[in-house]
Amino acid sequence: MTEIRNSATDIARFQRRVIVIALVVLLAFGLLGARLYYLQVLRHEELADRAENNRTAIVPVVPNRGLILDRNGIVLASNYSAYTLEITPSKAGNLEQVLDELSEIVEITPRDRRRFKRLRQDSRSFDSVPVRTRLSDEEVARFAAQRYRFPGVEINARLFRSYPNGETGSHVLGYIGRINQSEKETMEEWPEEELGNYKGTEYIGKLGVEQSYEKPLHGQTGVEQMETSAGGRAVRRLGSHPATPGDTVNLSVDIKLQKLVEDMYGDRRGAVVAIDPRTGEVLALVSKPTFDPNLFVEGIDSESWKELNESIDKPLLNRALRGTYPPGSTYKPFMALAALQTGKRGPNVQVLDPGYFNFGGRRFGSPEGYIGNVDMRRSIQLSSNIYYYSLANEMGVDMIHDFMAPLGFGQITGIDLGGELTGVLPSTDWKRKRYKRAWYAGETISLGIGQGYNNFTMLQLAQATAIVAAGGIKHRPHVVRSLRNAVTGEQTPAEKTPPVDLGFKAANVQVVREGLVRVVTAGTARGVFAGAGYQAAGKTGTAQAVGMRANSKYNAKALEEHQRDHALFMAFAPADDPKIAIAVIVENAGWGAGAAAPIARRVFDYWLMDQYPSEADMLAIRQGKATAPIGKPRVASEMAWPPPPLPPSGPAP
């Protein structure tokens, strides 16, 4: 039987379906339109930037590091460009296998491998670590042909630091090295602007001027906008903002004088600080032995690091800033000035020196033996221990402390180099805090001759000497004279602290000066300064390296070399118009007049007379057998740089 369909019902059903489908289509188009509006209008700027970033890359341009020059314009630190073979460990796979395969193309020495291993330990897995530096063009070409075999291995052109004078002045200059993880964590706390300026920077100053003047030396990082392919490779440069090179740092140090002093030490250990007392400029800051800062530029290998770090001579120790020593008899002139300024003792007061001083049942001896009556000038000239034992006892430890602290003893001098130590200027409060014990009166006696708890740096002794030379005017010592903008050439003087007048009476300073002049004319240093073309004022000293038992006699031959007394000397010249002040220590060399004073004499001859020691004189100084100069001195200003090497040491003339 044929079914009769209701056409009206079918039409209604169809219309409903069409309406539903139409609504679905409209809803779909509405959603598409809404999404389109959201993407094209509401998020247009964000997505446009993201698309642009996918097409381009912002690459930091590391600036050229600033130069370091001495006071006469001699280059002490510069830069050179070289190709570097670098590995990103996270992309390279088996590193030992990669190194083995690379060594078939480019020479990789065992030292390169050790350095790579050390640097890798201080880096993250996704950091690029150098395995070879200073590749030749031929080596670069050989690797480029095989590059497809080595994912994660790249050749980059980089700037490297160079110290053309090697070990000379290394403790002043410092060095640069790769930023380690600890330094990265510290840098993250920097202000955003400063941190942003180090994007792309992998090396930073570690010691000396390189560290203290890191930010002006670094310069301003630039940027390059590069168009990249889908694979991330640079296609072309779209724009750039060039980097600004770091400032040129001009030092007050005379590198020729620095080299002269280092050569005079030879293989001996010690420190010298020479200062212009009129300005506080450091003319030489020597610490021996030295080290080659070039070893650190590419990352020092473990063997070289072990040799430097474990050496008994401690070449990495900056003895001028961080070596602390008893000042010995070089302390006596300052004790004399303290007595005058505090009114404890007048210049003409006579003190009997029988060769010993009894206190509290103990006898404090003197190597000079019986001297007789001495006033203040003669006590400096003859280095009377008894005079200063009794003076220390009269003054007391706290009065000594309060006078010596403004001179810089036991204090940070504020020199523009990091790492300075304070040493020890004892007081009752210091001992109570340090040892939880009271001060005993008998401990004061040895302070008068620069022994006991006294422990100072050569920088502090040099600053105190400069203050006396300047009549009580205290300048902050500094090694940097000025900064020169690499773009404009504008010279900016280094920031200076205003000088401080310590208020010494001119008559009191004159008494001490007269005593110091007697030392070099009729005292322990008279032989060293014989024939000098100027009048110097100074004081020799000997300081114990190890403690001696009471009433025991010092015998250098019975002691190990590192246990023997230190030789010291402090001085300034010319005595009536000082232009240079100096502090010298030669470790374990014994007598100040025999080892330390001859070095100071040659420094003064160089600075005041334009004289450079003869070769024979240099050899005698290095062997501790010099007094007044021997042979014909050379003209310092005519000496070639670098100076010719000295012949092998032979018997002193």
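Asp263 counts as buried, at 17% relative accessibility, where buried means under 20% relative accessible area, exposed means over 50%, and partly exposed is anything in between (1.4 Å probe, protein chains only). Its partner in a salt bridge is Lys259, and the closest N and O atoms are 3.4 Å apart; a salt bridge here is a side-chain nitrogen of Lys or Arg within 4 Å of a carboxyl oxygen of Asp or Glu. Lys259 is partly exposed, with a relative accessible area of 21%. Both residues sit in helix α12 (residues 255-265), 4 residues apart, about one turn of the helix. Helices (H or I, at least four residues) and strands (E, at least two) are DSSP runs, numbered from the N terminus.

A word on the model itself. It is predicted, so local features need pLDDT of at least 70 and side-chain atom pairs count only at pLDDT 80 or more, while totals for chains, interfaces and linings use all residues. Residues are numbered from 1 along each chain as its sequence is written, and side-chain values use heavy atoms, with hydrogens and water left out.

Back to the charged pairs. Searching the whole structure turns up 27 salt bridges. One of them joins Asp605 to Arg601, with 3.0 Å between the closest N and O atoms. This pair also lies within one helix, α25 (residues 597-609), again 4 residues apart and about one turn, and both partners are buried. Asp617 and Arg602 meet in another salt bridge, at 2.8 Å from N to O. That pair links distant parts of the chain, with Asp617 in helix α26 (residues 615-622) and Arg602 in helix α25, 15 residues apart. Asp617 and Arg602 are both buried. Elsewhere, Arg65, Arg161, Glu210 and Glu214 are tied into a network of salt bridges.

Asp263 turns up again in the lining of the largest cavity, together with Tyr612, Glu615, Met618, Arg634, Met639, Pro643, Pro644, Pro645 and Leu646. On a 1 Å grid over the protein atoms alone, a cavity is a set of points where a 1.4 Å probe fits but cannot get out, and lining residues have an atom within 4 Å of a point. The structure holds 2 cavities of 30 Å³ or more.

Residues lining it include Ile275, Pro277, Gln463, Ala466, Ile467 and His475. Helix α22 (residues 458-469) gives the largest share of this lining, 3 residues.

A nonpolar core is a set of buried Ala, Val, Leu, Ile, Met, Phe, Trp, Tyr and Cys residues joined through side-chain atoms within 4.5 Å. Of the 134 residues in this core, Leu251, Met404, Phe409, Ile599 and Phe604 touch the most other members. Apart from it lies another core, of 19 residues, with Ile108, Phe116, Val131 and Phe143 among them. Leaving out residues up to four places away in sequence, Phe409 touches Tyr331, Phe334, Met404, Leu425, Phe456, Gln460, Leu461 and Ala464, with contact meaning heavy atoms within 4.5 Å.

Notes
1 Å grid on protein atoms, 1.4 Å probe; cavity = no way out; pocket = protein on both sides within 12 Å on 5 of 7 lines; lining within 4 Å. Points joined across faces, edges and corners; volume = space filled by probe spheres on them.
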